[in-house]
Amino acid sequence: MKAKELYNVGIYLRLSRDDMTENAGIAFGRQESNSISSQRELVRSFVRSRKDMKIYDTYVDDGYSGANFDRPGFRKMMEDVLAGKVDCIVVKDLSRFGRDYIEAGRLIQKTFPAFNVRFIAVTDHYDSLTADYHETSLVLPVKNFVNDSYCRDISAKVRSHQRIKREKGEFIGAFAVYGYCKGERNKLVPDAYAARIVRAVFDWKLEGMSCGAIAARLRQQGILSPMEYKKSKGERFSTGFTPAVKEGWSSVAVKRILTNEIYTGTMVQGRREKISYKLDKCRDKPREEWNRVEGTHEAVVTKEEFDSVQKFLSIDSRASGVRKRAHLFCGLLFCGDCGEPMIRRVNRYKGVEKVYFICPARNRGMGCTRHSIWEEDLKQAVLKGLRTQADLLTNRENILCRMEKTAVDRGRLFQTAGEIARLREEEEKYISLERGLWEDLREGVVSPKDFHDFREIYEEQTARIREVIRKQKQMMQTLYQSGLACEKRLEGFRERPELTELNRDALICFVNRILVYEGKRLCLEWKFRGQFSRTVMPGGDV
């Protein structure tokens, strides 16, 4: 490469997020020396000291990884290089230029010489104009390889740290899901306003509304969509989903809320992962590889309600007409023989409208029969079944039996709470022993080797106890929610001893499935287990 009388210099500056935070053992001065302002002053001072150089432009990539070259500042610089506006590139060091060993070597040793572009790394003392064979063929590749290895090592450490946090149930996302805010120590806390909207969305779905109808209702009430709400709070919110032309509620946004298990108090993370530390592309992970930790934060909806909604979503519950609401038995009515969801049909004759349900399997040639039943007959039969079940559950003996079970669960709760208190005391004991070790070491009571061995034992015991406490807390949460659900169902039946009209709320609260057999024979499956978990209604009763 021949020297020129005057070079148009492009100064390139880069700082990644990893460089903004310091690792253990690295002095604070390292962060300051790698800052954009420090890089700019160092490189400009170098260029000013050279009579054969003048600054054409400065290109900055602040907060971009060096693992790849997909950066806006770098792309703009290369455009100027290809246009002939820049014939000399100056960086602080090779790591600021990039940490991709292969791509950095290709650019410095092939691309830049092809366009007669001089490349200078100031603190690495590399200048492509004066570099000899030893520097170009040995020193430069080794330094690029070291930079690449550093980037790979940082990526592995970050992934490992994030995996540990996910397994502990700590929230590591940049933005909390709609309905929650980020609290202290990687915890999620409910956002009072947004959580109320999420609660309403689940309630409307349980009432039989379709996702599109729920979205329309939210728009009519002027409720901000999740993205609009976050922006109204001043959050610099970004999303991996493709945004619509106009931000607002849609059936997809509603379904995204209804299928998110995080609203039940279960932390679900690790759904996606980066393909490589050199690429920004991610891939979806199989469901069995997701990180799920129960009882990490306050639930907005119960597990029972969430499961019911998932069942309704798996069935085609599209509604038509002015009401925009699914029918009364949507998600509950199934063929008793083939298990297919029954479909609703309307018979109109001389201005009279009658509704009935049939099994769709016969029309598809799957060998089943119609199992036809009129809607009014179905309502009367189910209402009779609900009344029968209410009578059984409000019977004094049955209530006492269930109250006894609830008392057992309460006893287990108190027992578990006592065990947690005992474990806390044991944990504090080992923490105190570890603190005392430092004083013993300082006073020469124990040797450094004994100090290390005993400290390791105490830390292992403390970690073991904390893990047991975490499991005990999960057990308490499960018992507590189970007791609440049981009491809620019993209270519901006691409040409705005389059911006069069938409604969606009663069905959702108590009925799991309604099976229709030939001869209009029905089987009602209830949401609780035990002696009366199923009620069979003979065909003659219909």
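**Helices, sheets and rings in a predicted model**

Visitor: At what angle do the axes of α8 and helix α12 cross?

Guide: The axes of α8 and helix α12 (residues 303-313) come within 10 Å. Helices (H or I, at least four residues) and strands (E, at least two) are DSSP runs, numbered from the N terminus. Axes are lines fitted to C-alpha atoms, for helices over the stretch in contact, and angles run from 0 to 180 degrees between N-to-C directions. For α8 and α12 the crossing is at roughly 55°.

Visitor: Is α8 oblique or roughly perpendicular to α12?

Guide: Angles under 35 degrees count as roughly parallel, over 145 as roughly antiparallel, 65 to 115 as roughly perpendicular and the rest as oblique. The two axes cross at roughly 55°. That makes α8, relative to α12, oblique.

Visitor: What pLDDT is needed before side-chain atom pairs count?

Guide: Residues are numbered from 1 along each chain as its sequence is written, and side-chain values use heavy atoms, without hydrogens or water. The model is predicted, so totals for chains, interfaces and linings use all residues, local features need pLDDT of at least 70, and side-chain atom pairs count only at pLDDT 80 or more.

Visitor: Is the crossing of α8 and α12 left-handed or right-handed, and how many charged residues are in the contact?

Guide: A crossing is left-handed if the near helix is turned anticlockwise from the far one by less than a right angle, and right-handed if clockwise; that of α8 and α12 is left-handed. The contact (heavy atoms within 4.5 Å) uses R199, F202, K205 and L206 of α8, with E305, F306, S308, V309, F312 and L313 of α12. Ala, Val, Leu, Ile, Met, Phe, Trp, Tyr, Cys and Pro count as nonpolar, Asp, Glu, Lys and Arg as charged, and the others, Gly among them, as polar. By these classes there are six nonpolar residues and one polar, and the charged ones number three.

Visitor: How many charged residues are in the contact of α8 with α9?

Guide: Helix α8 (residues 192-206) packs against helix α9 (residues 211-220) at about 140°, with axes 10 Å apart, which makes the pair oblique. Here α8 passes α9 in a right-handed crossing. I197, V201, W204 and K205 of α8 meet C211, I214, R217 and L218 of α9. Six of the contact residues are nonpolar, none is polar, and the charged ones number two.

Visitor: Which residues of α11 does α8 touch?

Guide: The axes of α8 and α11 are 10 Å apart, at an angle of about 95°, which makes α8 roughly perpendicular to α11. On α8 the contact is made by V198, V201, F202 and K205, and on α11 by V254, I257 and L258.

Visitor: Which strands stand at the edges of the five-stranded sheet?

Guide: This open sheet has the order β2-β1-β3-β4-β5, with mixed pairing. Strands pair if DSSP finds at least two bridges between them. An edge strand has a single partner strand, so one side of it is left without a neighbour in the sheet; the two are β2 (53-62) and β5 (126-127).

Visitor: Which residue of β2 is the bridge partner of V9?

Guide: Strand β1 (residues 7-15) and β2 run parallel, joined by nine bridges. In β2, the partner of V9 is I55.

Visitor: Which residue in the turn between β13 and β14 has a positive phi?

Guide: The three-stranded open sheet has the order β13-β14-β15 and antiparallel pairing. Strands β13 and β14 are joined over seven bridges, among them the one between Y349 and V352. They form a hairpin with two residues between them, and the one with a positive phi of about 55° is K350.

Visitor: Which residue of β15 does Y356 stand opposite?

Guide: Strand β14 (residues 352-358) pairs with β15 over two bridges, in the antiparallel sense. F357 has I373 as its bridge partner, and Y356 stands opposite W374.

Visitor: How far apart in sequence are the parts that Y180 and Y263 tie together?

Guide: Rings of Phe, Tyr and Trp (its six-membered ring) pair if their centres lie within 6.5 Å; planes under 30 degrees apart count as stacked, over 60 as edge-to-face and the rest as tilted. The whole structure has 19 aromatic pairs, including Y180 with Y263, stacked at 6.0 Å centre to centre with 20° between the planes. Y180 lies in strand β6 (residues 180-182) and Y263 in the loop between α11 (251-258) and β8 (267-269), so the separation in sequence is 83 residues.
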